[in-house]
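Please keep the sequence and the model in view while reading.

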Amino acid sequence: MKHLLNITDYSKEDLQELIDKALYIISSPFAYSHSCEGRKLATLFFEPSTRTRLSFEAAMLELGGRVISVTGPGGSSVTKGETLADTARTVSCYADVIAVRHPLAGSARAMANSSAIPIINAGDGGHYHPTQTLADILTIYREKGSLGGLRIGICGDLLYGRTVHSLIDAMSRYEGNSFVLISPKELTVPAYYTEKLQEAGIPFVQTNSLDEALPEIDMLYMTRIQRERFDDPAEYDRLAGSYILDAARMKAASKDCIVLHPLPRVDEISTDFDSDPRAVYFTQAFNGKIMREALILKLLAGKDHPDNTDISPEGEKLFTDDSLACTNSKCVCTHERGLRKEFYTDKHGVVRCAYCDQPVRE
Ligand code: CP
């Protein structure tokens, strides 16, 4: 595919190709150190980031390429009212690939619609974060030797956690996986995901008890309760600190139960657990750089990759219809001027916005 907007843009074979390339890079760190000479990566980060932006930039530098960058909401002419579409068209004149992070769902898709070069979604609001999933699956593969046959605990903010959404999409495609979804009732995963799991016949349970889940899982994916996604600060204050994993609590888990976290953490994993061999979250951050190297190589090699801006995350064909409207205030299509409104009909006949995947009204 030309762009990486959702993790489902890539087949299991594509993901394995990236993993194999990443493992080769780990064993031969200089094998591709001239591969991107003369090429440029633009990192456009309208939201804060440490790992994603710096690992993308380090990845491109290690491939012999160069980097141009916009950081912060005030760092580009978007603050003067320029659209994301015009921004993408302009940056296409200066770079060979764009990694974009933005607070609105669907922002990467909005840019892809008008970009001449590949767009990588580096996090679009509370929607998706596919390159974090690349880091996650390499970590799971290296630690467990397989991406299937796992009982996967996911804990914390499952409502707004974009890394959670992309991880479920990825791991639900591997044979034998099941999920334990652990969250306060206010932050359960959107119905869209439980419906998809049900439809695919993938076993899952939803619970608010981390302690009950710990003895029965093969891996735990902890996440931060995300202050920046809450409309009501009082609601955040009430839910912050819902789960704190520490060394004592992890005694209930198996000796092979690895703990991942996309980071940054606040207090949901105590530092007293960091030295436990099951704590793999900093290895995960390293793996993110390697997988981003593999991804950049793949995207820049792919002049014949098909344009995937006209399909939904599940591959349904998109259409336009002036009688439909997305009302999601966190979706790019309720903010961006001149954006072509696009929709798709999911497998249950529900019409959804192509940018945020929320159901729309006529
Ligand atoms: N995991 C992740 O996206 O981290 P950053 O926000 O620091 O990029």
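## Backbone features, a parallel sheet and the whole chain

Leu263 lies in the loop between β9 and α10. The model is a predicted one, and in it Leu263 has a positive phi of about 60 degrees although it is not a glycine. The peptide bond from Leu263 to Pro264 is cis, with omega near 5 degrees, and Pro264 is likewise placed in the loop between β9 (258-260) and α10 (281-301). Is Leu263 buried or exposed? With a relative accessible area of 10%, Leu263 counts as buried, because the cut-off for that class is under 20%.

A positive phi, of about 70 degrees, is also found at Asp357, which is not a glycine. Asp357 belongs to the segment after β11 (351-353), and Asp357 is buried, its relative accessible area being 2%.

Turning to the sheet, one finds an open arrangement of 4 strands in the order β2-β1-β3-β4, with parallel pairing. Its edge strands are β2 (66-71) and β4, each of which pairs on one side only. Averaged over the sheet and with direction ignored, neighbouring strands are turned by 10 degrees against each other. In general, the strands of a sheet pair through backbone hydrogen bonds, in either a parallel or an antiparallel manner. The strand pairs are set out below, each with a pair of residues that face one another.

| Strand pair | Sense and bridges | Residues opposite each other |
|---|---|---|
| β1 and β3 | parallel, 5 bridges | Thr43 and Ala99 |
| β3 and β4 | parallel, 4 bridges | Ile98 and Ile119 |

Between β3 and β4 the chain passes through helix α4 (residues 107-112), and this β-α-β crossover is right-handed.

How many of the residues of strand β3 (residues 97-102) are buried? The strand is mostly covered, with 6 of its 6 residues buried. In a regular strand, side chains alternate between the two faces of the sheet. For β3, Val97, Ala99 and Arg101 are on one side, whereas Ile98, Val100 and His102 are on the other, and since all of these are buried, both faces of the strand are covered.

At the level of the whole molecule, the protein chain has 10 helices and 11 strands. Its radius of gyration is 20 Å, close to the 21 Å that the globule rule gives for 362 residues, so the chain is as compact as a globular protein of that length. The C-alpha trace spans about 55 × 55 × 35 Å along its principal axes.

Buried residues make up 54% of the 362 residues in the protein chain. Of the contacts in the chain with a separation of 6 or more, 72% are accounted for by residues 24 or more positions apart. The accessible surface of the protein chain comes to about 14,800 Å², and carbon and sulfur atoms hold 50% of that surface.

Key: Residues are numbered from 1 along each chain as its sequence is written. This is a predicted model: local features need pLDDT of at least 70, side-chain atom pairs count only at pLDDT 80 or more; totals for chains, interfaces and linings use all residues. Side-chain values use heavy atoms; hydrogens and water are left out. Buried means under 20% relative accessible area, exposed over 50%, partly exposed in between (1.4 Å probe, protein chains only). Helices (H or I, at least four residues) and strands (E, at least two) are DSSP runs, numbered from the N terminus. Two strands pair if DSSP finds at least two bridges between them. A crossover is right-handed if, with the strands pointing away from the viewer, the path from the first strand over the helix to the second runs clockwise. The radius of gyration is taken over C-alpha atoms; the globule rule is 2.2 Å times the number of residues to the power 0.38. Contact means heavy atoms within 4.5 Å. Accessible areas come from the Shrake-Rupley method with a 1.4 Å probe; for residues, only the protein chains shown count as cover. Axes are lines fitted to C-alpha atoms, for helices over the stretch in contact, and angles run from 0 to 180 degrees between N-to-C directions.
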